[in-house]
Amino acid sequence: AFESRLVCYRPSSKNCAVKGTVLAGVRSLAISIDDSVKPTAKVSGPLTETGWQRGNRQLTFNNQDTGAGLRFAETRIDGALRASSEMNCAKAMVSGQWRGKKMQPCPTSATGSHVINTRVLSDGTHKVKHCATDFADSSTCTGDRTIRVDNNPPSAPNGLQVTGGDGWHRTNGFNLTWADPGQGAGSPVVSSSFRLSGPGDYAGGPWRRAGSGRITGIKVPGPGEYRVKVWLADEAGNSDENHAAEATLRLDNVPPTGYFNEPAENDPALIEALVADQYSGV
């Protein structure tokens with residue numbers, strides 16, 4: 001509270017004028033309020049979940065204050081400010097400083113969300129915390145939360161090969177093996193996908209298989225030579241068909257054909273047989 005008085009100073013022989021306008025002015029009045037209670041900060045949302053993160057991820061905040069009210073909500077990753085929200089406060093710039101225009105200039109509760117683009121972060125682990133700051137410039141931050149980020153698809157399989165070699169096979173059921181590429185600080189490889197292309201402009205897939213390092217029981221639609229393309233997916237969900245390795249699958253489950261020619265009259269002891277095979281050859 002403050003009080004302004006208009007006092008008449010006069011000698012005993014005179015009276016103070018009571019006509020006209022008589023004013024008392026107050027300028028540059030600053031009232032300082034002791035706000036010793038810090039705000040509270042709570043967070044939830046996809047960015048706080050366990051597991052690998054990629055792309056845009058949302059963090060939801062619910063901050064509270066009992067004093068001057070909340071002014072800022074800030075989300076930091078590895079100490080760097082990544083998102084900030086300023087509350088709608090009743091304030092004015094006075095002598096180069098923000099001053100409250102009423103006793104409680106800011107709201108006492110603030111809810112909202114920050115969308116964090118994890119693509120600007122390196123693959124691996126990071127520390128996330130959210131801070132609430134009130135108009136008295138007191139802050140409270142949540143504890144550091146560890147998140148794992150991976151926005152890069154695995155490289156192509158190393159050493160892709162067909163079990164039993166890439167020659168002709170009599171049985172329609174092919175197995176592939178390879179070595180998974182190193183993921184560094186990223187998430188591990190958890191699955192693979194493959195496509196087939198072959199005779200008559202055949203195109204099949206993609207098909208996905210869980211696990212890594214091998215695919216078993218691939219069946220082709222018929223005899224002939226096919227190309228198989230294999231690419232990988234990691235635990236964060238990253239996958240890119242452009243990062244693929246290829247191998248050749250050859251199936252010949254059709255026996256060759258053959259028949260005898262009639263013996264030549266001039267050489268009846270000569271036996272001739274015409275044989276043919278459409279796929280692997282005789």
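Let's start with β9 and β11, which run antiparallel and are joined by five bridges. Strands here are DSSP runs of E, at least two residues long, and helices are runs of H or I, at least four, numbered from the N terminus. Two strands pair if DSSP finds at least two bridges between them. Along this pairing, Thr125 stands opposite Arg148 in β11.

A word on the source. This is a predicted model, where local features need pLDDT of at least 70 and side-chain atom pairs count only at pLDDT 80 or more, while totals for chains, interfaces and linings use all residues. Residues are numbered from 1 along each chain as its sequence is written, and side-chain values use heavy atoms, with hydrogens and water left out.

Stay with β9. Is this strand mostly covered or mostly uncovered? Mostly covered: eight of its eleven residues are buried. Buried means under 20% relative accessible area, exposed over 50%, and partly exposed in between, with a 1.4 Å probe and protein chains only.

β9 has other partners. Seven bridges join it to β4, again antiparallel. There, Ala73 has Ala132 in β9 as its bridge partner. β9 also pairs with strand β10, residues 139-141, in the antiparallel sense over three bridges. In that pairing, Cys131 stands opposite Cys141 in β10.

Now the turn. The hairpin of β9 and β10 has four residues between the strands, and Asp137 takes a positive phi near 70 degrees. Ser138 is found in the loop between β9 and β10. Is Ser138 buried or exposed? Ser138 has a relative accessible area of 16%, so it counts as buried. What is Ser138 in contact with, leaving aside its neighbours within four places in sequence? Asp35, Lys38, Pro39, Ala132 and Thr133. Contact means heavy atoms within 4.5 Å.

Next, the cores. In soluble globular proteins, nonpolar side chains tend to be buried together. A nonpolar core here is a set of buried Ala, Val, Leu, Ile, Met, Phe, Trp, Tyr and Cys residues joined through side-chain atoms within 4.5 Å. The largest has 21 residues, and Leu47, Leu59, Phe61, Met87 and Val128 have the most contacts inside it. β3 (56-64), β4, β8 (109-117), β9 and β11 (145-149) each give two or more residues to this core. β4 supplies the largest share, three residues. Apart from this core lies another, of 19 residues, including Val162, Phe194, Val230 and Ala245.

Look at Met87. Beyond its neighbours within four places in sequence, Met87 is in contact with Phe61, Leu70, Arg71, Phe72, Ala73, Pro107 and Ala110.

On to the pocket. A pocket is an open set of points on a 1 Å grid over the protein atoms alone, where a 1.4 Å probe fits, with protein on both sides within 12 Å along at least five of seven lines; lining residues have an atom within 4 Å of a point. Of the 26 lining residues, Ile31, Ser32, Arg99, Gly100 and Phe135 are closest to the centre. Which element gives the most to the lining? β7, with three residues.

Last, the other sheet pairing. Strand β15 (residues 189-198) and strand β18 (residues 224-234) pair in the antiparallel sense over eight bridges. Ser192 stands opposite Leu232 in β18.
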